[in-house]
Number of protein chains: 4
Amino acid sequence: MAKIFDYTEVAKHNTAESCWVILYGKVYDVTSFLNEHPGGSKVILQLAGTDATEEYDPIHPPGILEENLSAEQMLGSVRPESLPTTEKTPVQTGEVQQDGPVDLESILNIDEIEAVATKQISKKAWAYYYSAGDDLFSKKFNNEVYRKILLRPRVFVDCTNCDTSTTFLGHNVKLPIYVSPAAMARLAHPAGEHGIAQACEKYGAMQVISQNASMTPEQIVADAKDDQVFGWQLYVQTERAKSEAMLERMNNLPQIKFICLTLDAPVPGKREDDERSKNIGSNLPVRAAVQEDASVSKTTSDAKTPSPPKAMGVGQSLFWGTAADLTWRTTLPWLAAHTSLPIVLKGIQTHEDAYLASLHAPQIKAIILSNHGGRALDTAPPAVHTLLEIRKYCPEVFDKLEVWVDGGIKRGTDVVKALALGARGVGVGRAALFGLGAGGKEGVERMLEILKAETETCMRLLGVERVDQLGLQHINTRMVEKDIYDGPAGLERPSLGSRILAKL
Amino acid sequence: MAKIFDYTEVAKHNTAESCWVILYGKVYDVTSFLNEHPGGSKVILQLAGTDATEEYDPIHPPGILEENLSAEQMLGSVRPESLPTTEKTPVQTGEVQQDGPVDLESILNIDEIEAVATKQISKKAWAYYYSAGDDLFSKKFNNEVYRKILLRPRVFVDCTNCDTSTTFLGHNVKLPIYVSPAAMARLAHPAGEHGIAQACEKYGAMQVISQNASMTPEQIVADAKDDQVFGWQLYVQTERAKSEAMLERMNNLPQIKFICLTLDAPVPGKREDDERSKNIGSNLPVRAAVQEDASVSKTTSDAKTPSPPKAMGVGQSLFWGTAADLTWRTTLPWLAAHTSLPIVLKGIQTHEDAYLASLHAPQIKAIILSNHGGRALDTAPPAVHTLLEIRKYCPEVFDKLEVWVDGGIKRGTDVVKALALGARGVGVGRAALFGLGAGGKEGVERMLEILKAETETCMRLLGVERVDQLGLQHINTRMVEKDIYDGPAGLERPSLGSRILAKL
Amino acid sequence: MAKIFDYTEVAKHNTAESCWVILYGKVYDVTSFLNEHPGGSKVILQLAGTDATEEYDPIHPPGILEENLSAEQMLGSVRPESLPTTEKTPVQTGEVQQDGPVDLESILNIDEIEAVATKQISKKAWAYYYSAGDDLFSKKFNNEVYRKILLRPRVFVDCTNCDTSTTFLGHNVKLPIYVSPAAMARLAHPAGEHGIAQACEKYGAMQVISQNASMTPEQIVADAKDDQVFGWQLYVQTERAKSEAMLERMNNLPQIKFICLTLDAPVPGKREDDERSKNIGSNLPVRAAVQEDASVSKTTSDAKTPSPPKAMGVGQSLFWGTAADLTWRTTLPWLAAHTSLPIVLKGIQTHEDAYLASLHAPQIKAIILSNHGGRALDTAPPAVHTLLEIRKYCPEVFDKLEVWVDGGIKRGTDVVKALALGARGVGVGRAALFGLGAGGKEGVERMLEILKAETETCMRLLGVERVDQLGLQHINTRMVEKDIYDGPAGLERPSLGSRILAKL
Amino acid sequence: MAKIFDYTEVAKHNTAESCWVILYGKVYDVTSFLNEHPGGSKVILQLAGTDATEEYDPIHPPGILEENLSAEQMLGSVRPESLPTTEKTPVQTGEVQQDGPVDLESILNIDEIEAVATKQISKKAWAYYYSAGDDLFSKKFNNEVYRKILLRPRVFVDCTNCDTSTTFLGHNVKLPIYVSPAAMARLAHPAGEHGIAQACEKYGAMQVISQNASMTPEQIVADAKDDQVFGWQLYVQTERAKSEAMLERMNNLPQIKFICLTLDAPVPGKREDDERSKNIGSNLPVRAAVQEDASVSKTTSDAKTPSPPKAMGVGQSLFWGTAADLTWRTTLPWLAAHTSLPIVLKGIQTHEDAYLASLHAPQIKAIILSNHGGRALDTAPPAVHTLLEIRKYCPEVFDKLEVWVDGGIKRGTDVVKALALGARGVGVGRAALFGLGAGGKEGVERMLEILKAETETCMRLLGVERVDQLGLQHINTRMVEKDIYDGPAGLERPSLGSRILAKL
């Protein structure tokens with residue numbers, strides 16, 4: 001009954017007026033769906049008239065196709081031998097580029113995990129994970145700033161025992177390390193976010209699920225007990241109803257303990273590595289994405305440039321539909337109306353905003369100091385700077401909220417330093433994705449195993465048995481303190497309250 | 001009627017006594033013009049008896065030949081087949097060195113524009129644009145100092161709208177970015193300064209025309225509406241009458257809104273890359289230009305060295321005739337006598353001079369903090385230092401004058417940082433010339449498009465909608481402040497007024 | 001009478017149930033010895049059923065085999081021609097990898113000694129000596145911090161005479177430089193620690209014998225007069241009786257003047273170079289050692305991971321059995337009960353611990369500021385930092401104890417700087433081992449000769465005749481002082497006594 | 001009459017008992033001269049029985065041979081064809097290693113002069129000139145510290161005129177730049193120190209003649225008018241009579257205006273490049289020179305090492321016989337007894353010694369802040385540090401003495417910065433020698449021409465007409481001031497007078 005199409009027939013339907021695509025060997029007419037696509041119509045139009053399976057598969061949860069298209073939109077099948085042959089990338093074929101299987105136990109540190117994964121995953125996946133804003137200054141600085149903090153080991157202390165367990169928002173975890181909401185895990189490995197969840201279960205680690213995960217939240221937590229700790233990341237959508245529907249789903253998943261509202265990327269940063277890679281494996285010409293686009297910005301300075309549809313990097317297409325109009329006044333009450341889960345604010349980068357967040361306890365129960373892994377604004381401050389800024393201007397924040405940090409964690413000593421500065425826990429994003437790329441679920445486990453062992457060695461050599469014993473006496477921050485914000489240049493140290501409250 | 005010469009005949013007239021040159025196939029006797037040449041006689045004598053077209057063309061405005069030579073000085077034509085064959089450089093032939101046309105949209109940032117242009121323009125043009133003083137310390141530091149300023153992004157701020165428009169001296173522009181007075185644009189592309197003007201029109205950007213432009217001001221503004229914003233750069237000539245004549249022309253061009261008097265290069269800096277390239281494509285031996293020359297300096301220490309005519313870099317030949325005797329007392333009144341246009345002083349590098357300039361408002365309406373792109377004095381301070389110096393010693397300057405800056409701008413974050421420090425706008429010089437080299441008018445447009453988009457992304461991620469909202473609270477300058485001038489070493493902080501006024 | 005075995009027969013006994021090994025051509029049944037091995041059973045099981053001579057020889061003192069195994073455990077001999085052929089490493093064959101003999105006098109500095117030795121010793125030995133914690137930050141910083149201290153040479157001072165002699169704990173030595181307790185010297189050269197002792201005798205230098213020396217203390221001091229100065233390093237064993245027996249032996253050796261209790265490595269640091277090399281020359285697959293091991297840690301967070309026996313680097317196998325439960329309260333009285341030799345505490349890294357140690361004088365007579373050559377905790381502070389920290393918070397420590405330092409010494413100027421900061425002497429570890437590798441006893445002599453000559457040249461050029469004249473006036477420490485611990489960030493400078501005493 | 005020897009006969013006389021050498025084809029018996037050789041006997045014994053011409057020629061003034069040996073010590077001639085053939089080095093043959101003659105005018109800066117010379121001079125000469133102490137830290141830092149000082153250009157100042165003339169000790173010179181006492185100029189070029197003198201005459205520059213010049217003072221000043229300004233460097237000899245004889249000669253040379261007593265190298269620094277090169281071109285095995293030598297040191301710690309004669313680098317052989325027992329108390333009165341010429345002290349490196357020197361005015365008329373070009377003690381402070389130290393602790397020194405500096409000068413901006421800090425003039429050593437190597441007298445002229453032109457450009461762009469107008473207001477030293485000695489760490493700022501006077 002289903003019709004068999006020749007590829008040349010499909011290829012003719014490559015416009016907004018008649019847009020067909022091939023997915024998993026089936027031919028779909030997606031013309032009427034173009035305006036409904038959460039990622040925007042452009043992404044589909046780029047692939048109109050072609051086999052879009054390779055592009056589609058790793059970034060869409062299984063089942064989403066059937067959920068969104070009606071039966072009549074499936075027109076039939078494509079004659080396989082009529083398809084043009086293209087070189088397969090590793091992700092598509094499941095083949096690895098290096099010889100033989102990876103011996104995960106020979107990997108000794110987080111940098112080596114990235115190196116192994118880089119050889120195994122597709123160029124596109126690498127570019128999406130590796131990329132950061134502009135010149136990658138903040139990405140690198142995130143890590144380097146930890147090297148500028150010296151440890152202060154105490155001797156003659158019994159270090160037989162070492163306990164890395166702690167709590168996040170009152171929930172027990174075995175590690176002060178969690179997996180940050182990092183999108184598109186299936187670009188790295190078919191196990192995807194579900195594989196990460198299983199690795200976290202083994203090591204007692206928390207996981208924050210990205211809104212842009214390549215699997216549905218339900219799929220990710222499918223095998224998790226109710227007391228495994230997950231959070232769900234919310235990018236509020238311009239169409240609020242979509243976000244409200246998602247919040248409703250989260251309210252019904254017992255493993256989801258909190259909503260992590262991401263604030264540090266109201267518009268996408270400029271990730272050039274990602275933009276360069278966006279059509280690797282396709283025939284589209286390379287095109288940059290800095291050009292203005294009416295769907296993102298209502299620019300009041302009208303440049304009168306025509307804005308033709310252009311290709312985008314993975315990072316940019318994920319942004320389509322994200323709201324840029326969130327505020328303290330409007331967004332928090334809206335959230336309260338749709339969920340009673342605790343709120344964690346991700347992306348705080350100044351002491352002023354940390355202080356403002358503390359005024360919204362207990363709806364807000366934690367903040368994450370983050371510059372989005374250096375992926376949003378280049379030369380934004382690393383979390384270590386913001387920790388020290390809060391200590392300098394408004395240390396009372398630590399009493400009202402949990403403070404988590406992410407960005408630049410590569411060693412157990414980095415974990416310990418963040419905790420000594422007052423952080424309750426540290427998130428790792430790229431390390432988890434590269435772990436997945438290096439060896440699926442077992443690769444993520446190896447990553448957690450390494451960081452746990454390094455953290456324990458560091459605690460023991462400092463003479464510390466429990467994470468709550470770590471404090472400022474264990475670190476020398478002189479080299480960093482001299483760079484911490486000292487108020488507007490040339491002015492008196494600002495009055496914190498007056499300046500901030502005016503912003504509310 | 002016109003005589004036909006053999007090249008060997010022309011070649012005999014290669015002295016100051018009888019000096020012939022070939023230009024565009026015609027033979028000219030320029031013996032009597034030698035002493036009138038604004039660039040000095042030496043430059044011509046180097047080419048005496050040869051075909052000087054390649055040297056002459058890109059650095060002289062069209063029509064200037066006819067304007068300066070009488071009919072009888074044109075002796076006839078050269079027999080083409082008698083000319084020696086020489087390898088053409090890219091600029092001369094219009095050929096590009098890389099394969100295929102440049103896809104401007106694949107260029108993602110300012111460094112890539114320079115890289116693309118470097119492959120396309122002649123070595124001589126590259127050397128002139130790229131070169132800077134001595135060891136290029138200030139050129140590099142100009143940019144690096146922006147990397148040492150961290151941004152302070154605020155969250156939970158509605159950033160749907162973003163407006164980059166502002167005003168310069170009361171004139172509306174759509175960008176806080178302008179094109180600095182950079183000479184010799186036709187070395188990069190035949191579109192020249194007129195092409196830059198058209199790109200500026202498209203993006204609503206201001207352009208300051210170099211006195212050493214390779215097109216006349218009239219040609220450059222030919223297609224511009226009266227409200228397009230231009231300035232004209234003045235290097236006061238030793239023969240003041242020449243400058244007075246130029247001012248008269250400017251007074252009659254409605255697009256010219258101000259005179260930009262350049263002060264940071266009363267004598268040429270030492271640009272070794274430019275000197276090394278000066279006779280690429282010719283047969284002259286390489287000669288250095290550090291030797292003293294009576295026409296530049298009345299050196300009181302008499303070295304008794306003979307000073308034979310020597311070759312010069314592009315930068316040095318442009319300097320011939322520039323006055324070195326400007327002063328606050330004498331030059332400003334002279335200017336007032338010849339133009340009522342507002343004066344913008346370019347090249348301020350200390351708070352003392354910024355303060356002095358502010359005493360001359362309203363004749364002076366703006367100052368440009370500039371070390372001439374690092375091309376004048378190596379280890380001169382970057383504009384960021386001077387901005388912080390003014391904030392430290394005499395912040396009232398910002399109330400009396402507009403403060404513009406140039407040097408080292410490569411990213412939208414750099415633009416935003418300069419504005420947050422109090423600058424009204426930032427100039428780009430090399431970026432415009434390399435944009436022209438990369439793709440003519442469209443290359444300059446791409447440069448402006450990139451910087452505009454980066455600036456908008458930065459403003460949004462800081463939570464800022466209009467440029468006038470940017471302030472010191474958006475940046476952390478700790479890493480730079482520790483290097484700012486702190487008064488003479490070992491002395492009390494100087495009394496600003498007394499020390500400066502003594503200089504007037 | 002002794003049976004002759006074929007290698008294939010031996011190879012079958014490769015389990016914990018029946019474990020045979022070949023040593024020096026003899027076959028031993030070590031099944032019952034597995035649990036008694038001070039280095040743990042795993043190390044042996046890795047070699048079960050094989051010829052273990054190459055692994056065994058350089059890290060066990062001669063005679064220890066007979067001491068630990070009974071006659072019946074020696075089963076017979078192996079048929080030599082049945083052994084598999086393997087490529088010999090330099091240490092085993094005594095062959096050197098470079099051409100011709102080394103001309104020790106052509107070696108001009110400590111870096112060159114390391115370079116020469118690196119060509120001559122086995123990869124395994126190199127990895128053990130060279131390796132340091134994590135990213136080798138502290139190892140490098142140990143040396144770089146000396147480069148940041150400037151010298152202040154005084155002129156017009158008679159520097160005809162120069163005397164480098166001093167005393168350690170009242171014992172006369174001719175150099176303020178001693179050999180630190182560095183393990184496994186026979187990995188570098190058959191002369192081993194005895195060769196080091198002979199070189200020290202020639203230059204009047206002190207030697208601290210490592211507990212993990214590859215020769216017994218008795219063998220090392222065999223040819224030394226009673227007044228040659230040695231110390232013995234103690235790593236307290238979990239089985240205290242073993243340590244007590246060793247102390248008893250030391251009490252009876254007149255050359256041993258003190259016990260050096262090592263505190264900076266209660267658990268092994270993470271030395272990745274060493275881990276990577278651990279089975280060079282064997283057929284074992286490379287395996288990492290970060291996995292938890294019940295015999296090291298009683299981790300309260302139970303990861304439920306199975307912990308199969310794994311290979312270890314040289315550094316880790318030496319750690320087996322080291323106690324992690326030492327404290328000020330319990331360990332010092334225990335030591336006092338077993339030896340009346342003075343105690344030197346090695347591994348002090350904070351002023352707090354230096355101060356605590358000073359409260360235990362006179363049992364404790366000296367402390368060694370050390371981060372274990374960067375081999376324990378990466379980003380731990382260099383000894384120079386701890387020296388300056390003590391000066392800043394509790395300079396009275398210098399009056400109560402001798403303060404020795406090690407780590408990063410490469411030049412005579414480094415020696416002089418440490419002394420000017422208040423150190424009584426400086427230890428060199430890797431330099432001695434690499435000296436041994438470069439040329440046996442004579443290589444160690446060359447190392448001492450170079451450091452002595454450099455130290456004398458530096459003293460003369462500073463205008464100093466005796467080491468006790470060196471003081472703070474001879475150095476400029478500005479570049480380092482700005483990085484010294486300044487108390488917990490954001491808090492008042494801590495009250496030293498109250499914070500520390502609570503720890504006792 | 002003169003006997004003809006076969007080389008094999010000469011070769012037999014290679015001991016201290018019978019020591020023959022060949023010089024310029026003649027055979028000499030120098031047995032009885034061994035103990036009289038100012039450079040020590042070892043240097044000769046290394047060459048005993050060989051043709052020593054290549055070693056001897058460039059480091060001995062012409063005529064010195066006849067002066068020191070009697071007629072009977074010349075035994076005869078060597079049969080030329082019996083000499084072994086050896087590869088000639090460039091200096092010996094006069095051949096240059098690069099193709100074609102050097103175009104000196106194509107050299108644009110001091111680094112390029114060094115690069116050109118390095119290609120032309122012998123490896124031995126390069127090693128002697130290039131080498132510095134230990135790791136060359138101070139040599140590099142000498143220059144880098146100038147890059148950390150920013151200039152402060154003033155605008156709107158008439159800079160038509162520029163005058164670089166000044167005075168040294170009241171004598172008129174045309175440049176604030178002088179040639180430092182650098183030894184062994186004939187290693188670079190046959191023109192030697194006389195060539196340097198001629199170049200200095202042309203540019204009106206002062207020259208300080210090295211005691212170890214390869215020409216006699218009389219030869220060097222032979223063509224100089226009486227008012228050309230020279231100084232003579234004194235290394236006081238252990239045999240004071242030798243120094244007294246030299247002073248007597250200086251008293252009779254009208255061109256010698258002062259005695260420059262060198263204090264910064266009472267013993268030779270450790271110059272490894274020089275030591276490595278010491279027998280290039282000979283057959284001696286490479287031997288290091290760090291071993292103790294009784295003729296240099298009366299080491300009280302007796303190492304009992306046999307000290308056989310060893311080869312030395314050029315730098316070390318020049319040191320033979322230099323006194324190490326100079327003091328303020330004894331040496332200045334002795335000097336006063338033997339010359340009434342003003343004394344200039346070279347090698348001051350602390351404010352304490354600068355202050356002490358100022359107490360000895362007017363016998364002492366100037367001090368030279370110098371770390372011997374980084375050749376004495378590595379990590380010794382650069383002259384810029386000492387300038388700032390004097391400003392900080394005892395600025396009155398500038399009123400009592402002229403302060404000259406050397407070390408690290410590569411640009412005219414460096415010259416200007418030193419002058420702005422209070423120096424009266426700056427010395428260049430390697431630049432002069434490399435200039436000589438690059439092109440003889442003309443190469444030195446080119447060096448002076450470049451530095452003069454760069455200095456003038458810098459003065460003009462700062463808005464300064466005469467060198468005496470340069471001051472602290474023209475430079476920003478913030479980046480350097482933070483590293484200046486701040487008194488002993490942890491102590492109150494020292495009382496200058498009490499601490500110093502105790503030393504006298």
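Q: Thr379(D): buried or exposed?
A: Thr379(D) is buried, with 27 other C-beta atoms within 10 Å. A residue is buried if 20 or more other C-beta atoms lie within 10 Å of its own, exposed if 12 or fewer, and partly exposed in between, with C-beta atoms placed from the backbone. Bear in mind that this is a predicted model, where local features need pLDDT of at least 70, side-chain atom pairs count only at pLDDT 80 or more, and totals for chains, interfaces and linings use all residues. Residues are numbered from 1 along each chain as its sequence is written, while chains are lettered from A and ligands numbered from 1 in the order in which they are written.

Q: What is phi of Thr379(D)?
A: Near 70°, a positive value in a residue other than glycine.

Q: And where does Thr379(D) lie?
A: In the loop between strand 15 and helix 16 (383-393) of chain D. Helices (H or I, at least four residues) and strands (E, at least two) are DSSP runs, numbered from the N terminus.

Q: What about phi of Phe156(D)?
A: Phe156(D) is not a glycine, yet its phi is positive, about 60°. The residue is found in the loop between strand 5 (150-151) and strand 6 (161-162) of chain D. Phe156(D) is buried, with 24 other C-beta atoms within 10 Å.

Q: Which peptide bond is cis in chain D?
A: A cis bond joins Ala361(D) and Pro362(D), with omega about 5°. Pro362(D) lies in the loop between helix 15 (351-358) and strand 15 (364-369) of chain D.

Q: And in chain C, which one is cis?
A: The bond from Ala361(C) to Pro362(C) is cis, with omega near 5°. Pro362(C) lies in the loop between helix 15 (351-358) and strand 15 (364-369) of chain C.

Q: What does helix 15 of chain D lie across?
A: Strand 14 and strand 15 of chain D. Helix 15 runs at about 170° to strand 14 of chain D. Axes are lines fitted to C-alpha atoms, for helices over the stretch in contact, and angles run from 0 to 180 degrees between N-to-C directions.

Q: On to the barrel. How many strands does it have in chain D?
A: 8 strands, closed in the order 9-10-11-12-14-15-16-17, with parallel pairing. The twist averages 30° from one strand to the next. Two strands pair if DSSP finds at least two bridges between them.

Q: Which strand does strand 9 of chain D pair with over 3 bridges?
A: Strand 17 (residues 425-428) of chain D, in the parallel sense. Tyr178(D) has Gly427(D) as its bridge partner in strand 17 of chain D.

Q: How many bridges join strand 11 to strand 12 of chain D?
A: 5 bridges, and the two strands run parallel. Phe230(D) has Ile256(D) as its bridge partner in strand 12 of chain D.

Q: How many residues of strand 12 of chain D are buried?
A: 7 of its 7 residues, 256-262.

Q: New topic. What rotation superposes chain A on chain B?
A: A rotation of 90°, with 0.0 Å of shift along its axis and an RMSD of 0.1 Å. That is the relation of a four-fold axis. In chain A, the C-alpha nearest the axis belongs to Lys482(A), 6.6 Å away from it. Copies are superposed by least squares on the C-alpha atoms of residues with pLDDT of at least 70 in both.

Q: How many residues of chain A does the contact with chain B take?
A: 49 from chain A, and 49 from chain B. Two residues are in contact if their C-beta atoms, placed from the backbone, lie within 7 Å.

Q: Which elements of chain A give two or more residues to that side?
A: Helix 12 (272-276), strand 13 (298-299), helix 14 (328-338) and strand 14 (343-348) of chain A. By class, the side of chain A that touches chain B has 22 nonpolar, 13 polar and 14 charged residues. Ala, Val, Leu, Ile, Met, Phe, Trp, Tyr, Cys and Pro count as nonpolar, Asp, Glu, Lys and Arg as charged, and the others, Gly among them, as polar.

Q: Last one. How is chain A divided?
A: Into domain 1 (3-82) and domain 2 (110-270 + 318-486 + 493-498). The bounds come from an automatic or database domain assignment. Taken over C-alpha atoms, 36 Å separate the centres of domain 1 and domain 2 of chain A.
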